[in-house]
Amino acid sequence: MATTIEAVAVVAGGLLRQRSGRKLADAAAAACLDRAGLTGDDVDLLINTGLYHDRNLGEPALAALIQSDIDANPQDPHPGGHGTFSFDIANGACGMLTGLRVADGFLRAGTIRHAVIVASDANPGRRMAPDFPFAPAGAAIVCGWHEGPAGLAGFRFGSRPADSDLFRALVGFEHGRNRLRIEQHPDFADRAAPWAAKVAAGLLADSQLTPSDIDLVVANPLTAEFLDSLPAHLGVPRDRMVTADTTTPVHTAGLAVALHEAWQDGRLDNASNVLLVSAGAGLTVAAALYRPSVP
Amino acid sequence: MTAWLMMERSPDGDRAPFVARVGSVGRRLPETRLPTDELMASTRHRTGVDLERLTGVQERRVSLGDEDSLTLAAGAALDCLARSHNRAEALDVVVGCSITKYRDGLVQWLEPPTSLAVAHAIGASNAMTFDLSNACAGMLTGVFVVNNWIRQGAIRRGLVVSGEYISQLAHNAARHVRTILSRELASLTLGDAGAAVLIERAPEGAPGISVAGFTTVADHSRLCLAYPARHERGARMFTRARAIHEAAIADTPTLFQEVLDASGLAIDEVDHVIPHQTSVRAIRKGMSEVGDALGGAPRNPAVVTVDRYGNTASTTHVVALAEELDAARLRAGDRVALVALASGLEIGVVLFTVDDELVGNRGNDD
């Protein structure tokens, strides 16, 4: 028995399409539920892991607004129904895997039947984030719990606080207004790849696996350099990496974008051991072992 | 049993072989006291509002820039660890739950997460870290997550921590509030505090955390919104206080009853209720409504600290828990209900039993 990924959905913002972080999250969550054959009422837990949204809202949790927008049991408690619990997780580009870890615990305990993990980022607003570096995008993952061996089979997280200055996102007062500034050191990707590989090696060891057992690596497309150097550090052939377009990087939704690509290309169909790995500010790495199908 | 709340209760057999307990609590309060009359004397407009009479808030602690979200959180975390038998290196997870994430003055750090900086500051070198945001229900949501992981044996112990440098919202509000109808009135009750609670696996047979249940009534999600200010330092918060109070009063009794049903208790078997601290009047009215609906009352009046500390956002329950332990008002065996009520609209209850160790590790030295 394990937590299974029932559906993945990705929504890209563009020039003509909406660029609100919240609306991208709404659209991704709704599309993902639809793909999973579920409705808002089926959602027991909704976790938002996106960071940059409209006006840099501080409270409530953006997840509560998304819950309202997708009509997931938003009403006052009443007999015969059940509610939805919503909150946000912030863990940089490792947010989605952190959200999956949290959902996995509640699914494992039988507390919930379905969880939606959503992530989106977009420029928070006019003149609020000059040089905002990320492409507007939203993504969602719907999870459930199923009998049988397929599903999420373990997690590992690790941080290197010594490298915490390599990626920073700060909202501070400058030129008469509060502005978001995202600072990324040129060395960030170089430092992230070996650290990601080290955490992933620990995860594989937990399951008595070696790099040769990994059929597919799904990584958040931090930068092109990160994706280029990761296979060598992991000891996994390059053709087992899912490559996502990194011309304009997608931030917290990045892991789901890569997972969606693998899903669409049919690369999950025959994979036994999939390594999900993210690296982000901290320097923090999150890794999970996913078994879409077990022979 | 169909419950509206997303809820876990102990014991629950194979799917959760362990029970979690509240191991220790810590807090850090800034030294400076800001009396309500002094704050109200600083308003730009003649408001005619008697805030102290309206809310019961006499004073709050404020940072004068000497503390920020990180120093308050780290200070509380060290206080919590000093009262625990656990060392920082033994923590499996550190969850940061504050709304404010100010460091180096009024700079809000969105990445890396505050939890990582706290873990680094206290020496929790082996801990997984992440931040969790759920308005004023943040810390109790963190307890809910850590409780779940401990119950399954995924981890042994975790630290849930928050530092709220949020009094600057009151200073911003003081420039804008004109009348009692202002949506920034609630901002004037805010105070600064850091809080930390260590949750760990309980010895076999110990009652620990017996029920934790939460829900989000998202039809009311837009009743309290906070943003970075457009042209001022820090942030502003806009609250439709009456509407949020009415929704809370309408929804809380049903949900509290679900927690009691899950634990097999009647309301008069709960010794202490620590509600979120918004105003003395709101707490008394809310508890009275819960009592009427549930046909009884907890054994003691609801804990009130808002008169001394104001509304310290996500830290209120743990600040109050430390206060009650320090004052020796909690005894081993007492059942305590922590009741979250937050923008979202988030409603949650954590029900736990105080044990000897928790009573013993906070002396009267705070």
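The model is predicted, with local features needing pLDDT of at least 70 and side-chain atom pairs counting only at pLDDT 80 or more, while totals for chains, interfaces and linings use all residues. Residues are numbered from 1 along each chain as its sequence is written, and chains are lettered from A in the order in which they are written.

I looked up the largest nonpolar core and found 243 residues in it, with A:Ala28 and A:Cys32 having the most contacts inside it. Its largest share, 10 residues, comes from helix 4 (188–206) of chain A, helices (H or I, at least four residues) and strands (E, at least two) being DSSP runs numbered from the N terminus.

I then listed the contacts (C-beta atoms, placed from the backbone, within 7 Å) of A:Cys32 beyond four places in sequence, and these include A:Ala7, A:Val116 and A:Ile141.

Next I turned to where the chains meet, a contact that takes 56 residues from chain A and 58 residues from chain B. On the side of chain A that touches chain B, strand 7 of chain A gives the largest share, seven residues.

I finally checked strand pairing (at least two DSSP bridges between two strands): strand 7 of chain A and strand 7 (107–111) of chain B pair in the antiparallel sense over three bridges, and B:Trp109 is the bridge partner of A:Leu170.

Note on methods: Core = buried A, V, L, I, M, F, W, Y, C linked by C-beta atoms within 7 Å. Buried ≥ 20, exposed ≤ 12 C-beta atoms within 10 Å, placed from the backbone. Contact = placed C-beta atoms within 7 Å.
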